[in-house]
Amino acid sequence: MNKHNKLTQALLLSGLLLSGYASAQTINLQQAIDMSLSADPRIKEREYLVDAARGLLAEVKGNQGWRINANAFIGLTKQVEGGFYSGGTTSCAAVPCTPRTDGDKWNGLSDWTHIEFALTKPLYTFGKIEEYGKAAQGNIDIKRGEVRQTQAETVFDTKRAYFGYLTARDIRLFLEDMQERLTQSISRAEKSLKDETGEVTQSDLYSLQTAKGVIGKYVHQAKAVETISLDGLRVLTGVGL
């Protein structure tokens, strides 16, 4: 009985069936914690929120400082010499002052180019970018804290299920040992009553039988806690039921 009831520093969890394995594989507490941290979807969700907060900070930093805007256009058109008015004049001072009519003639190609360049810093950004950056960094810190909190909760739940299983298992083994001893005592008491030795009374036999029934109830309860703890540990570590 002692070998079942003794917990060493290298506690092993037996009976945890890993998917893809025909037999049970034992894992220790640290392995169970690592598996739970990897399998917990809440931690992954919190990590995604941290990445989103970092993206917001990057966006804020991208809007900081001066802005450069440039626009360029290059095209080809028919080559025309002179101004808009007849005769190629550029003003209406000459007579006659009518638009020129040779626009449909093809005299070659002429390039048409345009470029704009602007260097600006909007006035509304003065002082605001720095404050937005502080807020975004604070948001990142909050999300990181939520990740650590979720990890701590997962570790706590894993340890509770792990040691809950071991405790329930050892209690069950202890009670089953008591059951076996009581069964032997009941057999001896019944034999003594049958032989009329006078060493055991009928009330003694009833007491033994009652104790066996009470212990049987606790054995079933310990089995239930053992099963629930093991199933919970399977779920936490991502093995599944």
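Modeller: Gladly! Let me begin with a definition: buried means under 20% relative accessible area, exposed means over 50%, and partly exposed lies in between (1.4 Å probe, protein chains only). This is a predicted model, in which local features need pLDDT of at least 70 and side-chain atom pairs count only at pLDDT 80 or more, while totals for chains, interfaces and linings use all residues. Residues are numbered from 1 along each chain as its sequence is written, and side-chain values use heavy atoms, leaving out hydrogens and water.

Colleague: Then why is F163 called partly exposed?

Modeller: Its relative accessible area is 33%.

Colleague: What makes the pair of Y162 and F163 edge-to-face?

Modeller: Rings of Phe, Tyr and Trp (its six-membered ring) pair if their centres lie within 6.5 Å; planes under 30 degrees apart count as stacked, over 60 as edge-to-face and the rest as tilted. The structure holds 1 aromatic pair. The ring centres of Y162 and F163 are 5.4 Å apart and their planes stand at 80°, so the pair is edge-to-face.

Colleague: How do you know that D195 and K191 form a salt bridge?

Modeller: A salt bridge needs a side-chain nitrogen of Lys or Arg within 4 Å of a carboxyl oxygen of Asp or Glu. For D195 and K191 the distance from N to O is 3.0 Å, so the pair meets the definition. Both residues lie in helix α4 (residues 128-195), 4 residues apart, about one turn of the helix. Helices (H or I, at least four residues) and strands (E, at least two) are DSSP runs, numbered from the N terminus.

Colleague: Why is K191 called exposed, and what is D195 called?

Modeller: K191 has a relative accessible area of 53%, so it counts as exposed. D195 comes to 45% and is therefore partly exposed.

Colleague: What makes a group of residues a nonpolar core?

Modeller: A nonpolar core is a set of buried Ala, Val, Leu, Ile, Met, Phe, Trp, Tyr and Cys residues joined through side-chain atoms within 4.5 Å. The largest one has 8 residues: I27, A32, A161, Y162, Y165, L166, L230 and L233. Helices α4 and α5 each supply at least two of its residues, and α4 gives the most, with 4.

Colleague: How do you know that the charge of K217 sits over the ring of Y218?

Modeller: The rule asks for NZ of Lys or CZ of Arg within 6 Å of the ring centre and within 35 degrees of the ring normal. The charged end of K217 is 4.8 Å from the centre of the Y218 ring and sits over that ring.
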